[in-house]
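Notes follow in the order I took them.

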Amino acid sequence: MSGLTFRSAKGHWMTNLSRPRSQGPTELFVPPSPPLDPEKIKELQRFITLSKKLVVMTGAGISTESGIPDYRSEKVGLYARTDRRPIQHIDFIRSAPVRQRYWARNFVGWPQFSSHQPNPAHWALSNWEKLGKLHWLVTQNVDALHSKAGNRRLTELHGCMHRVLCLKCGEQTPRRVLQDRFQVLNPSWSAEAQGVAPDGDVFLTEEQVRSFQVPSCDRCGGPLKPDVVFFGDTVKPDKVDFVHRRVKEADSLLVVGSSLQVYSGYRFILTAWEKKLPIAILNIGPTRSDDLACLKLDSRCGELLPLIDPQ
């Protein structure tokens, strides 16, 4: 697990990231997979070639090769490696101390989380869009890596950590702006943490959190929340309807890097299946929809997708 230190000294902020030398970020969080099968590559190539209005849905498995852990992968996912669990929506809404703890941890994790870059799988999907192959891209991730890669025909189903909104007036601001406000309010605060979660969270002790100051909305003084769907919350109905329409317009659906355990994404697979669309799944390990797919591939997203010719 990677170590991270964040310290303040007279207004100078430094980040020290250390990783075990024997493993790069790709190896840390990607589960083992079999070698690429040439026959499976041909099958996926045929699936993509025949697709004229392709919808792609991505999950945390596409970002593990960028150094961001997922939650559920066997042995390497966050649930397997730690007893940490993501914050619950109702706890964040109801409790100021919970919000203080969340923002302190997020403040420490933000420099590393926000620095992650797209990997070859993200760039491949961006290229598919440029070439007209991709009808629409739906991601369950909140890491902004598809946007960084240049995708624009994109729905961020669970929001994006790079945006912050006010729970009272709805004002939206970039997350980087909030980082500057944190620094101004906490000029002598310091903390050390181990590892960064898929949502940028880290672990801190209660003692570390106690003195951390959290800013309010500049506009109305209300509490701030990242523009993401926390566990226990639901995706807005208009966004769900929008994605359903894109799936109903499609002639095929490809799942990339998702076990589909969360219903907010799984429901669109059911829609595709009910519409009798061919479904292909690229994910290391079993998924909730393997029995609905005409093609299942257990390979690294970043190794396989760049081999596919989208034209």
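**Sheet.** I am working on a predicted model. I looked up the strand order first. 6 strands form an open sheet, ordered β5-β4-β3-β10-β11-β12. The pairing is parallel. I then checked the edges, which are β5 (154–156) and β12 (295–297). Each of these two pairs on one side only. On average, neighbouring strands of the sheet are turned by 15° against each other, direction ignored.

**β3 and β10.** I looked up this pair next. β3 and β10 pair in the parallel sense, and I count 5 bridges. I also noted that Thr58 stands opposite Val256 in β10.

**Helix α6.** I checked residues 120–130, which make up helix α6. α6 lies across β3, β4 (134–139) and β10. Its angle to β4 is about 145°.

**Helix α11.** α11 covers residues 263–274, 12 residues in total. From first C-alpha to last, α11 reaches 16 Å, close to the 16 Å expected at 1.5 Å a residue. α11 lies across β3, β10 and β11, and runs at about 150° to β10.

Which residues of α11 are buried? I listed Ser264, Gly265, Tyr266, Arg267, Phe268, Ile269, Thr271 and Ala272.

Last, I looked past the end of α11. Lys276 follows α11 and has a positive phi, near 65°.

Methods
Residues are numbered from 1 along each chain as its sequence is written. This is a predicted model: local features need pLDDT of at least 70, side-chain atom pairs count only at pLDDT 80 or more; totals for chains, interfaces and linings use all residues. Side-chain values use heavy atoms; hydrogens and water are left out. Helices (H or I, at least four residues) and strands (E, at least two) are DSSP runs, numbered from the N terminus. The expected span of a helix is 1.5 Å times one less than its number of residues. Buried means under 20% relative accessible area, exposed over 50%, partly exposed in between (1.4 Å probe, protein chains only). Two strands pair if DSSP finds at least two bridges between them. Axes are lines fitted to C-alpha atoms, for helices over the stretch in contact, and angles run from 0 to 180 degrees between N-to-C directions. Contact means heavy atoms within 4.5 Å.
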